[in-house]
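Q: I would like to learn how to read the features of a structure. Please take them one at a time.

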Amino acid sequence: MEKLFQKVDTVFVTVKNMEKICTWYEETLGLELIWQNDFISILSTGDGTPVTLLHKKDENGEHPLFNFLTPDINKAHNHLKKSGVYVEPIIDEKELKTFDFKDPEGNRLNVCYLK
């Protein structure tokens with residue numbers, strides 16, 4: 001099978017208090033904040049795989065565990081769909097395209113493509 005993904009692009013951690021936890025990751029773990037908005041903070045680990053803090057929406061909110069970086073999001077999406085995988089539609093944002101999918105046990109995962 002042809003390789004669909006280049007690497008694990010980021011690891012997601014859901015948090016209740018973004019400011020407090022982001023500060024903890026910076027000061028206690030020494031990670032560098034590289035991007036942030038009201039709902040997401042991305043911290044560099046130094047090895048190329050960042051930690052992305054996601055604001056926890058509610059107790060039932062479901063976030064991906066991590067995401068894969070792909071050079072061709074349409075190809076990855078179509079392959080998973082043809083393989084019978086539960087796949088959500090591709091979301092086209094300014095800097096990236098992304099979609100969620102689930103493994104056979106229902107774990108939510110994500111694929112992203114950086115423009």
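A: Helices (H or I, at least four residues) and strands (E, at least two) are DSSP runs, and they are numbered from the N terminus. Here, Lys75 belongs to helix α2, which covers residues 73-82. Residues are numbered from 1 along each chain as its sequence is written, and the model is predicted, with local features needing pLDDT of at least 70. Side-chain atom pairs count only at pLDDT 80 or more, while totals for chains, interfaces and linings use all residues; side-chain values use heavy atoms, leaving out hydrogens and water.

Q: Is Lys75 buried, exposed or partly exposed, and what do these words mean?
A: Buried means under 20% relative accessible area, exposed means over 50%, and partly exposed lies in between, with a 1.4 Å probe and protein chains only. Lys75 has a relative accessible area of 35%, so it is partly exposed. Between Lys75 and Lys102 there are 17 Å from C-alpha to C-alpha, and the two are 27 residues apart in sequence.

Q: In what order do the strands stand in the sheet?
A: Two strands pair if DSSP finds at least two bridges between them. In this model eight strands make an open sheet with mixed pairing, in the order β2-β3-β4-β1-β5-β8-β7-β6. The edges are β2 and β6 (91-92); each has a single partner strand, so one side of each has no neighbour in the sheet.

Q: In which sense does β1 pair with β4, parallel or antiparallel?
A: The pairing of β1 and β4 is parallel, over five bridges, and Val13 is found opposite Leu53 of β4. With β5 (residues 66-69), β1 runs antiparallel and is joined by four bridges. Lys7 has Leu69 of β5 as its bridge partner, and Thr10 faces Asn67 in β5.

Q: Which strands pair with β8?
A: β5 pairs with β8 in the parallel sense over three bridges, where Leu69 is opposite Cys112 of β8. β7 pairs with β8 in the antiparallel sense over seven bridges, and Phe101 stands opposite Leu109 in β8. β7 and β8 also make a hairpin with five residues between them, and Gly106 in its turn has a positive phi of about 90°. β8 is mostly covered, with five of its seven residues buried.

Q: How many aromatic pairs are there?
A: A pair of aromatic rings is described by the distance of the centres and the angle of the planes. Rings of Phe, Tyr and Trp (its six-membered ring) pair if their centres lie within 6.5 Å; planes under 30 degrees apart count as stacked, over 60 as edge-to-face and the rest as tilted. By this rule there are four aromatic pairs. One of them is Phe66 with Phe68, edge-to-face at 5.2 Å between centres and 80° between planes. Phe66 is partly exposed, at a relative accessible area of 24%, whereas Phe68 is buried, at 17%. The ring centres of Phe99 and Phe101 are 6.3 Å apart with planes at 50°, so this pair is tilted. Both Phe99 and Phe101 are buried. Ring pairs also link Phe5, Phe66 and Phe68 into a cluster.

Q: Which ring does Lys102 lie over?
A: A charge sits over a ring if NZ of Lys or CZ of Arg is within 6 Å of the ring centre and within 35 degrees of the ring normal. Lys102 lies over the face of Tyr86, 5.4 Å from the ring centre.

Q: What is the volume of the largest pocket?
A: On a 1 Å grid over the protein atoms alone, a pocket is an open set of points with protein on both sides within 12 Å along at least five of seven lines, and lining residues have an atom within 4 Å of a point. Points are joined across faces, edges and corners, and the volume is the space filled by probe spheres set on them. The largest pocket holds about 1100 Å³. It is lined by 32 residues, and those closest to its centre are Phe12, Ile40, Leu54, Glu93 and Leu96. Elements giving two or more residues to the lining include β1 (7-15), β4 (51-55) and β7 (96-102).

Q: Where is Pro64?
A: Pro64 is in the loop between β4 and β5 and is buried, with a relative accessible area of 12%. Pro64 and Val8 are 56 residues apart in sequence and 12 Å apart in space, C-alpha to C-alpha.

Note on methods:
On a 1 Å grid over the protein atoms alone, a cavity is a set of points where a 1.4 Å probe fits but cannot get out, and a pocket is an open set with protein on both sides within 12 Å along at least five of seven lines; lining residues have an atom within 4 Å of a point.
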